Amino acid sequence: MLYKSNEDLPLEIRAQLPEEHLDLYRAAYNSAIHWYGNVAKAHHVAMSAVRMQSAMGRTAVLQG
């Protein structure tokens, strides 16, 4: 199942992630579901993308 907008994401994802990460989660999930065809794997990939982006943001703030 592909998500067309952030409002289509499951409530637990929308509640868990800050607004600025929802677009990234959705894009990564949609790509992974297309690639792997497995919901659990797609969720794992999407959450990994969010964690990586979040970590990169903290690093940039610390360096800046």
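**Exercise 1. State how many of the 64 residues of the protein chain, in percent, count as buried.**

Solution. Of the 64 residues, 28% count as buried, where buried means under 20% relative accessible area, exposed over 50%, and partly exposed in between (1.4 Å probe, protein chains only). This is a predicted model, in which local features need pLDDT of at least 70, side-chain atom pairs count only at pLDDT 80 or more, and totals for chains, interfaces and linings use all residues. Residues are numbered from 1 along each chain as its sequence is written, and side-chain values use heavy atoms, with hydrogens and water left out.

**Exercise 2. Describe the secondary structure of the protein chain.**

Solution. Step one: count the elements, which gives 3 helices and 0 strands. Helices (H or I, at least four residues) and strands (E, at least two) are DSSP runs, numbered from the N terminus. Step two: read the order from the N terminus, which is α-α-α.

**Exercise 3. Decide whether Asn6 and Glu19 are buried or exposed, and how far apart they are in space.**

Solution. Step one: locate them. Asn6 lies in the segment before helix H1 (11–16), and Glu19 is found in helix H2 (residues 19–36). Step two: apply the cut-offs. Asn6 has a relative accessible area of 10%, so it is buried; Glu19 has 56%, so Glu19 is exposed. Step three: take the C-alpha to C-alpha distance, which is 9.0 Å for a sequence separation of 13 residues. Step four: list the contacts (heavy atoms within 4.5 Å). Leaving aside neighbours within four places in sequence, Asn6 is in contact with Glu19, and also with Arg14, Leu22, Asp23 and Arg26.

**Exercise 4. Identify the residues with the most contacts inside the largest nonpolar core.**

Solution. Step one: define the set. A nonpolar core is a set of buried Ala, Val, Leu, Ile, Met, Phe, Trp, Tyr and Cys residues joined through side-chain atoms within 4.5 Å. Step two: the largest one has 14 residues, and those with the most contacts inside it are Leu9, Ile13, Leu17, Tyr25 and Tyr29. Step three: H2 and helix H3 (39–63) each supply at least two residues of this core, and the largest share, 6 residues, comes from H2. Step four: take Leu17 as an example. Beyond its neighbours within four places in sequence, Leu17 is in contact with Leu22, Tyr25, Met47 and Val50.
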